[in-house]
Every structure is written in structure tokens, then in C-alpha cells.
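Hello,

Here is the structure you will be taking over.

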Amino acid sequence: MQLPWRAAPRAALSSPLTLLVSIATTLLLGFVVAAAVLHSSSTGSAALAYQQGRMCPHSVHPSLDGEGLPLSTAVTMAARSDLGAAYTRIGRPDFTGLATYGRFGHRPDALSHLTVVEGGGTGLWVPQTIATAARVRVGDRLTGSPLVVSAIYADLAHPVSGWWCSEAKTVVPNPLGGDGASTSVIWVAQASDLALLPPEFSSDASVSLRYPTEPLSTLAEAEALRDNGNALLTSLGLPLTRTDVLSGAITAARTSERNVSSALLPLVFISVLVGLAGVGTVTVQWAQRRHSELRLLWVRGASPLALGFRAVLELGLPLIFGGLLGLAAARLLLPLYAPGGALAPGTLWVALGFVLVVVLLSLSVTVLVASWRTHRTFQRRARAWRLAVVPWELVVASLAVLAWVRLSRNGLGTTVKTGELPRIDVAALTFPLLVVLAAALLATRLLRWSLGWSHRVQWWQVPAAQLALRRLAAAAGPVTGVVLVGVLAVGTIAVGSAVAGAQRSSLDSKSGVFVGANSTVQVSQDVALGRVALPSSLQGTTTLVGMSTGALVVDPATFTDAAVLDDAAEVRSLISGLRRTGDIAPALRIGRAANQEIQIAGLPLLKPVASLPSFPKLGTRGYVVARDSVPAVEQVGSWHLWSSLPLSSLTSSLQAAGIHYTNVADRARVLDGLPFLTVEWTFGFVAAIGVVLAVVAAVALLLAIEVRRRQNAVSGALSTRMGMRPSVLWSSHLLEVGTLASLALVVGALASFVSAGVAVPRLDPAPWLNPAPVLPDLVPLLGTMVSGGLVVVVVAAWLALRGVRTARMGELLR
């Protein structure tokens with residue numbers, strides 16, 4: 001009695017196929033569970049990294065700011081920071097008797113981050129605008145002070161570098177503002193030099209305390225930095241205003257992580273159930289293969305539960321090994337499916353814990369299934385009760401209807417407000433996946449019925465098709481299982497890729513509509529009046545746009561060169577027809593704007609003559625008028641340059657031409673993309689699970705072919721001996737496997753494309769902005785899946801024919 005039990009682990013080697021399937025089953029189980037844990041953790045880190053990319057580097061650490069201080073006090077406070085800056089009030093420093101507006105300041109290492117135009121050294125560094133206005137030269141002395149000008153530098157302008165961005169409101173002047181409202185900074189080399197300034201600058205100073213830090217990788221690091229930073233600022237006891245933008249970034253990242261985790265939970269739960277069902281199937285196959293041995297042990301007094309543990313002794317090590325391999329695969333493949341590679345401390349241990357849980361569940365399923373199988377076989381013949389009789393497709397379809405109701409009512413989430421992350425409604429989010437699952441179940445049920453009636457089909461005039469059909473009918477169980485997993489794989493990949501792609505394109509299109517172009521800046525009316533000419537480097541990429549309340553003034557000749565438009569030809573045709581012939585100016589009516597004559601401040605009386613559903617910057621409400629229809633351009637609210645160039649290229653061209661600008665906007669940074677990224681990361685993991693299911697379907701198909709290797713060899717060898725051409729046999733196997741792949745591809749693609757097409761417009765993280773998300777071009781994805789399916793079909797057919805080519809007829813008959 002002891003020998004069969006002790007030899008059980010080694011006995012597994014006698015069935016390498018069962019061993020391989022056991023390892024593969026728990027490998028996929030372990031991968032899904034571990035990948036979900038790692039993906040959720042990396043989502044938090046990726047969200048933090050995205051937030052850091054939108055923050056000034058020196059503002060990550062909590063900081064302090066203060067105004068209205070005595071200059072000496074500001075200098076003393078600035079010295080208590082790693083990077084403290086002190087600025088005087090705006091005054092009129094006098095160098096040569098031509099006083100102009102300016103302010104003085106000191107920030108450690110500031111001089112090394114400026115561009116020198118003339119001079120150098122450690123004296124006063126005067127910005128070029130002040131030097132030009134006041135005719136300051138190197139060597140001039142500041143009136144009322146021993147300080148001497150040693151250098152002239154190029155003024156800082158938007159967009160500034162990361163080293164300056166936390167000080168931008170102070171060091172970057174607004175050239176279009178009023179006199180004395182803002183100005184560039186005259187820098188001193190040492191903080192003590194501020195005490196040598198004229199007495200008029202000794203009051204109403206400002207100070208900023210910054211603490212440079214290394215980039216943060218994980219939320220744990222961010223929380224530690226926030227807590228330690230706030231504790232440090234509290235210990236300073238300074239009467240300054242504290243700024244803590246890191247707390248908001250941490251909150252947003254945590255919310256994103258929770259959203260993704262909650263959205264993935266149902267998918268992971270279903271995947272675990274499917275995996276455990278696969279473990280049960282492997283156990284049933286093991287019981288069939290070990291039938292004689294199990295009967296002998298049962299006759300000798302072993303109970304069904306003991307025989308169940310006998311299955312664990314043989315299959316346990318492969319199941320454990322497969323789970324650990326799944327964890328290793330999830331960690332190694334993390335860059336392929338996760339939004340980032342940084343993981344919170346202890347994440348791997350958490351993933352290992354979940355993997356061990358699913359391994360224990362797999363072992364428990366093995367014991368229960370083996371015990372139930374032996375009990376039913378040797379002790380009592382139970383009444384057949386098949387789960388296949390239950391109309392699961394109707395149950396899943398009902399759940400899909402409920403999910404659609406939630407999706408149609410709430411969209412992506414409930415009570416979403418501007419600037420908030422979407423609180424994802426998991427029930428609504430599962431709608432496209434439930435549709436795919438219902439279609440898969442319906443397709444497999446119809447396939448099983450069809451194969452049950454296939455014996456009535458007589459296609460002997462096409463022997464390849466007849467043989468393929470009979471082989472499919474003889475293996476109806478494995479065939480329907482492969483099709484079920486294949487449909488789920490295709491549908492899950494398509495749904496995940498479609499929604500993720502829609503979120504990417506939606507963020508880009510909404511940003512384009514919100515800004516109007518890739519980059520914009522506000523310029524003075526001198527540009528609109530023609531007093532200042534735009535540089536030639538901006539021709540063909542830039543247009544001048546006037547903005548008044550609810551209306552845009554555009555140049556028909558250049559507008560489509562820069563604006564972000566879906567149909568540039570249509571817009572060009574419409575705005576080119578806006579020609580004023582009297583006192584009333586023709587205009588385009590946008591979206592829901594009133595279709596009647598309207599008077600807007602600074603513009604003539606407007607009369608709509610055509611309409612468009614939406615327009616850049618205006619969204620779905622407003623009017624568009626041609627620039628030639630506006631007689632007094634100086635009465636237009638403001639003028640902006642729209643450009644298809646990146647913001648840095650636009651501003652550098654304007655700086656080189658000496659054109660002042662303000663209020664810059666960059667399409668790539670104007671909107672907080674984290675809500676869109678949260679949904680994209682969620683469905684990116686859905687697509688990754690679909691790839692796993694595709695691997696499962698392919699492996700299951702190849703293993704099913706390998707299991708039937710002897711049967712295929714016998715039938716194929718006999719057929720060829722009876723005169724069937726090898727090409728017909730090859731075509732027969734291609735038809736057999738190709739039918740399964742085609743069915744899975746067609747059903748999965750149709751179900752996913754239809755469900756995703758209906759759901760994508762409602763999965764909108766920012767419904768208050770137009771346009772709504774749209775289904776991306778899925779032809780490349782479909783082509784990739786077709787190519788992969790063809791490879792699997794050819795390999796499977798080759799495996800089926802391999803045994804026929806190498807078969808020895810005498811051994812097969814024996």
C-alpha cells in the first residue's frame with residue numbers, strides 16, 4: 001500500500017503531456033493574479049510619474065512663499081532653505097538717469113541658469129529689456145548703491161526651464177501688462193548684496209523657499225517626502241504660506257490605482273474561475289488515465305478522499321511549479337503590459353501571496369474533483385446533471401443588459417466633476433466584455449448542436465471537407481472549448497485595444513479643441529494692426545485669431561494652416577465664403593448657438609449663414625467671423641497666434657523677432673490626462689489578458705491535435721493507402737483547424753467591435769469637453785489577429801500530418 005503513494009510524484013513523469021498541461025494551467029493562473037497585483041501597483045507609480053511631469057521639479061517638495069516682508073527679513077528667511085530666493089518690490093532703479101521699472105533678486109546658482117548677452121562676473125546682472133529701455137551698459141553703477149553692472153542677460157520667457165518654472169510668476173514679466181505690473185529681475189551674485197540696494201527697495205519684499213529633490217518612483221516615496229517635508233516646514237516656524245502640490249498628486253495617484261484595481265477585480269475573478277475549471281479538467285483527464293490504478297487502490301480500501309490526495313501527490317508539484325513560473329513571468333513581462341516599471345515596496349510579496357492562494361485553490365480543486373470522480377465511478381453512479389444544459393448565454397446577456405443600463409445612465413462613472421478623476425462604475429465598465437462572453441457562449445452552444453447533427457451531412461464529393469467535419473464531430477468537447485477560449489481571446493483583445501486607443505485619441509482631440517492648435521500665445525494688437533510683422537519662419541504654420549466673448553475672428557487664408565480640424569477642406573470652404581457686403585457681417589454658427597442675428601462687443605452685427613457642429617476653442621457654442629469683416633480690430637477682446645508648431649518652436653521664433661507675447665498654451669499639457677490614462681491602463685490590461693487567453697487557445701488547440709496524434713495517424717495512413725492524395729489530406733486538416741480559428745475570429749471580432757462601438761462614446765472621462773471618444777481604426781489590429789491565426793492554423797495542421805508522414809502501418813494496425 002505504501003509504494004503507490006511514495007512513487008506518485010515520480011509517476012507524473014510517465015505522462016509528460018498531463019505534466020505539461022498542469023504546469024501551463026497554473027502558470028497562466030499565477031500570471032493573471034500576479035500581473036493584476038503588479039499592474040495595479042505600477043498604475044499608482046505611473047500616475048505619480050505623470051503628475052510629476054506636470055509639476056515644477058522644485059515644487060514637488062512642500063514649499064513656502066511670502067510677500068510684503070522687510071527685505072532683510074526676506075533674506076534671512078531665504079537662507080533657511082536649500083534653494084531660497086528673495087526678491088525686492090518693483091521699483092525704478094536708476095543707472096544712467098533713465099529709470100525704468102525693475103526689481104532685484106537673489107537665488108543661489110541663478111546666474112549659471114541665465115544666457116549672457118554681454119559681460120559676466122559677479123556684479124549686477126541686468127535683463128536685456130531693462131538694459132535697452134534704460135540704456136544700461138556693463139560698468140554702469142546703480143544710483144544710490146556701490147553695486148556695478150557686470151553683465152546683461154537675455155530675459156526669461158515662457159516656456160521656462162524646469163529650474164525656473166517654480167519662480168515663473170516672479171521672474172518672467174508680462175510684456176502685455178501695464179507699466180509696473182510685472183518686470184524682469186536684476187540679479188545680484190550674493191544675498192548680502194541686497195543690503196547694498198537703495199533704501200526704496202528695503203520694504204515689501206517677497207521670498208520663496210524651495211527644496212530640490214530627486215524624482216520620485218513610488219507612492220511610498222512620495223508619501224514619505226510629503227510627511228517629512230511638511231514636518232520640516234513646521235519646524236521652521238516661519239509665518240509664510242505653505243504650498244503642498246504633492247499631496248494632490250498622491251491623492252490622484254491613489255485614486256487612479258484604486259480605480260484600476262476595482263475595475264480589474266471582476267476580470268481577474270472570472271479568469272481565476274476559468275483557470276480553476278481548467279485544473280478540474282486536467283484532474284478528470286488524470287483520473288481517466290489512472291483508472292486501473294485507482295480501481296486497484298479503491299478495492300484495497302482507499303477512500304475517495306484518499307484517492308483525491310493521491311492526485312495531489314502526482315499533480316501537486318507541477319501545479320506549484322507552474323504558479324511560481326507565472327509569478328516570474330508576470331515580473332519579467334511587466335514592461336509589456338504595465339504602464340510603468342516602478343513597484344511599491346513589498347508588491348512582489350503581495351503578488352506571491354495571491355499566487356500561493358490560487359495554487360492552494362488549485363490543489364483543493366484537484367482533491368475535490370479527483371474525489372468526486374472516484375466516488376462517482378466506483379461507489380455510486382450519480383444522475384447526469386450537466387452544466388451545459390443551463391442557458392448561460394441568457395444569464396450573461398441579462399447581465400450585459402443591466403451593465404448597459406448603468407452605462408447609459410452614468411457613463412464612465414457617477415457625479416464626475418471638472419478636475420476630478422472618474423469614479424469608475426465597474427458594472428458599466430464590464431458591458432463590452434459581457435457582450436463578448438455572451439456571444440462566445442452562444443457560438444459554442446450552436447457549434448455543439450451543429451456538430452451533433454453533422455452525421456447527417458454528406459459531403460463526400462468534397463472529401464477534405466467531409467473528413468474535417470467528421471473529425472470535428474468526433475472531438476466536440478475539445479473543439480467547443482477551443483472555440484470558447486478563442487472567441488474570448490479575440491473579443492478581449494479587441495475590446496481592450498479599442499477602448500484604450502479611443503482614450504488616447506480622445507485626449508488628443510479634446511486637447512486640440514480646447515486649445516485650438518498645437519500651441520497658442522497671446523500677442524498685442526500691434527500684430528493685428530500690421531504694425532509688427534510675423535517672422536517668415538512662422539509662415540504656413542501660424543495664424544492670427546481674435547477672441548471676443550462667444551466669437552472667433554479668423555483669417556480664412558491661414559486659419560486651416562494652424563488650427564486642429566477634422567475636415568480642413570470643409571472649414572476652409574465655409575470661412576472663405578464669409579464676405580461682408582454691408583453693415584451685417586456673415587458668420588458661422590457653431591453647434592447650439594442661436595440661429596439669429598446677434599451683437600457681440602467689439603464686433604459688427606453678426607448674421608449666421610452656415611453652421612458647423614463644433615469648432616476649435618468654441619466647442620459646440622459660438623460664432624466665427626472673417627477678419628476682413630471686422631472694421632475695428634483694436635476693439636476685439638484679444639489676439640492670439642495659433643500654430644501647428646510645438647510651443648518651444650513658436651516662442652523661440654517670436655523671441656528672435658523681438659515680438660512680445662504672454663498667456664502661452666501647449667496642447668500636450670493643457671489638459672490633465674490622468675483620467676484618460678486611468679481608463680486606458682485598465683483596458684490595456686484587459687487586452688493583455690486577451691493575449692494570455694489567445695495563448696491558452698493556441699496551446700489548447702495544439703495539445704488537442706497532439707492528443708489525437710495516434711488517431712490522426714491511423715486514419716491518415718489508411719486514407720493515403722486507399723488512394724487519397726496528400727494534398728487532400730493537408731487541405732482537410734487546414735479546413736478543420738481553419739474553421740475553428742475563423743469561427744473564433746469572426747464571432748469575437750463582431751461581438752467586440754459592436755459592443756465597443758456602442759460603449760466607447762459613453763466611456764468619456766471628460767464629458768463636458770467635445771468631441772466624445774470614437775472607435776479607433778481597428779483594421780491593423782484585425783490584420784494582426786488574422787496573421788496570428790494563420791500561423792496557428794498552419795502549425796496545427798503540420799502537427800496533425802506529422803504523424804501520418806512518419807507512421808508505420810504495421811505498428812498502427814497492431
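Predicted model: local features only at pLDDT ≥ 70, side-chain atom pairs only at ≥ 80, totals over all residues.

The protein chain has 814 residues, and 50% of them count as buried. It holds 26 helices and 17 strands. Of the contacts in the chain with a separation of 6 or more, 80% are between residues 24 or more positions apart. The accessible surface of the chain is about 37200 Å², and carbon and sulfur atoms account for 61% of that surface.

Strand E15 spans residues 621-626, and five of its six residues are buried. E15 pairs with two strands that I looked at, E12 and E13. Strand E12 (residues 551-554) runs parallel to E15 and is joined to it by four bridges; here Val554 stands opposite Ala626. Strand E13 (residues 585-591) is antiparallel to E15, with five bridges between them. In that pairing, Gly591 has Arg621 of E15 as its bridge partner.

The largest nonpolar core contains 107 residues, and those touching the most other members are Tyr337, Phe683, Phe685 and Leu763. Helix H17 (residues 476-515) supplies the largest share of this core, 15 residues. Leaving out residues up to four places away in sequence, Leu763 touches Leu407, Leu412, Leu429, Val499, Gln503, Phe683 and Pro773. Another core, of 32 residues, lies apart from the largest one; Val126, Ile152, Leu197 and Val207 are among its members.

Regards

How values were computed. Residues numbered from 1 in each chain as written. Heavy atoms only, no water. Buried < 20%, exposed > 50% of the residue type's maximum accessible area, 1.4 Å probe, protein only. Pairing = 2+ DSSP bridges. Core = buried A, V, L, I, M, F, W, Y, C linked by side-chain atoms within 4.5 Å. Contact = heavy atoms within 4.5 Å. Areas by Shrake-Rupley, 256 points an atom, 1.4 Å probe, with all protein chains shown as cover.
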